[in-house]
Amino acid sequence: SRDQSPGTILPGFQTQVPVTIVDAFGQHCLTCSNMLIQVNCTECVNSVQYFPVVGGNATLSFTVSGEAGIASADLYTSTESLVQNPTVHMTVGQCPAGYGFEDGVGCRVCPRNSYSLGSPFVNQECISCTDCPSVAEAGSFCFESSHVFCAGGSEVFLESSYWTFPRSHYVERGNWAIEPHLCPYDFCKTDAPSTFGHFCKPGSHRVESSPLCGTCEEGYSEWNSICLPCPGPNALLIVELVM
């Protein structure tokens, strides 16, 4: 057979691999039907599966449940003869942001009141956000003492007037516990909950990634806790100084 081994796959996500049955001369066996391909995969949710061959073609479908690394599936025909290319090799990646790894299942969407920001290094589990009840009405905010609300997946909101580090800060250091900090004055958004990239007060001309939104944007300077545009050079003054 000829198969198209998949690239990087994610645990818990269904993977499909087309397979073509060929004869002894390497030609597509169009008359090959009424047979099955057995797939043995110890890293899959179903360790043994069977797929029909129609017109010399079959589509294998399986779900890997193991952690990141290398996985493989061995293929056999129902005629008890090993097919020409008996192994499908797969690279298993990490769960993406918004998903948590569950052993034996794979990646699952983090439910409400939990989150994950993803990591290129380890399969992250869903992290509990607060002690708020998970049965609360969808869309209602519950901050408790941590000033953090999680809508599920990778959606994390802070209570108004709070700031935290950029998302990349948590991913790179491998510690995903959100650290909310109360902003001074009205540097941060004060009228509604906010998420990564939107903590600074709109129109304040403050740098989102700066601690507590404490730095003014380029071209602005702080005066009395307000970022004001820097005035351009006074041409008349420059001329007088030169003279």
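Predicted model: local features only at pLDDT ≥ 70, side-chain atom pairs only at ≥ 80, totals over all residues.

Trainee: Is serine 65 buried or exposed?

Mentor: A residue is called buried when its relative accessible area is under 20%. Serine 65 has a relative accessibility of 9%, and therefore it counts as buried.

Trainee: Which residues is serine 65 in contact with, leaving aside its neighbours within four places in sequence?

Mentor: Contact here means heavy atoms within 4.5 Å. With the neighbours within four places in sequence left aside, the residues in contact with serine 65 are Pro11, Glu43, Cys44, Val45, Phe101, Gly104, Val105 and Gly106.

Trainee: Which residues make the nonpolar surface patch, and what is its area?

Mentor: One of its members is leucine 36, found in strand S4 (residues 35-40), and this leucine is partly exposed at a relative accessible area of 36%. Together with Val48 and Tyr50, Leu36 makes a nonpolar surface patch of about 280 Å².

Trainee: How many salt bridges does the structure hold, and what is the N to O distance in the one between aspartate 186 and lysine 201?

Mentor: The structure holds 2 salt bridges. In the pair of aspartate 186 and lysine 201, both residues are in the loop between strand S16 (181-182) and strand S17 (220-223), 15 residues apart. Aspartate 186 is partly exposed at 37% relative accessibility, and lysine 201 is likewise partly exposed, at 32%. Their side chains meet with an N to O distance of 3.0 Å.

Trainee: In the salt bridge of glutamate 222 with arginine 206, how far apart are the closest N and O atoms?

Mentor: The closest N and O atoms of glutamate 222 and arginine 206 are 3.7 Å apart. The pair links distant parts of the chain, with glutamate 222 in strand S17 and arginine 206 in the loop between S16 and S17, 16 residues apart. Glutamate 222 is partly exposed at 37%, whereas arginine 206, at 6% relative accessibility, counts as buried.

Technical notes
Residues numbered from 1 in each chain as written. Heavy atoms only, no water. Buried < 20%, exposed > 50% of the residue type's maximum accessible area, 1.4 Å probe, protein only. Patch = residues over 30% accessible without salt bridge, like charges linked within 9 Å, V, L, I, M, F, W, Y side chains within 5 Å. Areas by Shrake-Rupley, 256 points an atom, 1.4 Å probe, with all protein chains shown as cover. Salt bridge = Lys/Arg side-chain N within 4 Å of Asp/Glu carboxyl O. Helix = DSSP H or I, 4+ residues; strand = E, 2+ residues; numbered from the N terminus.
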